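Here is a short briefing on the fold of one protein chain. Keep the structure open as you read.

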Amino acid sequence: MSTNSDLRVTLYTYFRSSCSARLRIALALKSISYTSVPINLLKGEQSSTKNTAVNPSATVPTLIIEHVDRSQSPITITQSLAALEYLDEAFPDYPNPLLPPTSNPQQRALVRSLASIIACDIQPVTNLRILQRVAPFGVDRAAWSKDLIEAGFAAYEAIARDSAGIFSVGDTITMADVCLIPAVWGAERAGVDLGQYPTIKRVAEALERENAVREGHWRNQQDTPMEFRC
């Protein structure tokens, strides 16, 4: 097992990026300290050489893990779900696994399905890059986001109402929750009434009480503008 001091972890992030928040929360859950490299999406820094040198997709987040003793080659991961699974697989002895044990493939598939509703059905079509592309067609960006979030949340709710305990799948935080709570923050900004989704609302309230979630919250980042800070 590597200790945290054996690792040099860097996260390219943006304070309001829900994908970045997933990794901020996961790293906090696993007690892995890291250095943030803020990438301002509104200023177009995602397309700068500084960012595309590590992330050819011109997006955030990017997770870079280096072993201080150089016993292993550095790894760079440019997709949040892949990074979340890597943290579980590469550091199995660290706290708070994000997936159920391999002995329970059904629950692992359930967690992945819920995470994918957020990461594949909601986030890609409501992110800044897509909103900028639909704006010239006269699309109401706020209404676009709200409608798509509500459709995705309805699907999540339909599944999670049967699987949830304290959190989305039972009583421990999983990858599904790490994806859900940043989506909830985005939904609140879009004017979504969470009362329509009682399971999501209850799980989100439980997650908000977790220290790791507070650490990962968009209001608590080094690049959060002062007017938005807690």
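The points below cover the model, the overall fold and the sheet.

This is a predicted model, in which local features need pLDDT of at least 70, side-chain atom pairs count only at pLDDT 80 or more, and totals for chains, interfaces and linings use all residues. Residues are numbered from 1 along each chain as its sequence is written, and side-chain values use heavy atoms, leaving out hydrogens and water.

**Overall fold**
- The protein chain holds 9 helices and 4 strands (DSSP runs, numbered from the N terminus: helices are H or I, at least four residues; strands are E, at least two).
- From the N terminus, the order is β-α-β-α-β-β-α-α-α-α-α-α-α.
- The C-alpha trace spans about 50 × 45 × 30 Å along its principal axes.
- Of the 230 residues, 47% count as buried (under 20% relative accessible area, 1.4 Å probe, protein chains only).

**The sheet**
- The 4 strands form an open sheet with mixed pairing, in the order β2-β1-β3-β4 (two strands pair if DSSP finds at least two bridges between them).
- β2 (35–38) and β4 (75–77) stand at the edges with a single partner strand each, so one side of each has no neighbour in the sheet.
- Strand β3 (residues 62–67) runs antiparallel to β4, joined by 3 bridges.
- Ile65 stands opposite Ile75 in β4.

**Helix on the sheet**
- Helix α1 (residues 18–29) packs on the sheet and touches β1 (7–13) and β3 (contact means heavy atoms within 4.5 Å).
- The direction of α1 makes about 150 degrees with that of β1 (axes are lines fitted to C-alpha atoms, for helices over the stretch in contact; angles run from 0 to 180 degrees between N-to-C directions).

Note on methods: Buried means under 20% relative accessible area, exposed over 50%, partly exposed in between (1.4 Å probe, protein chains only).
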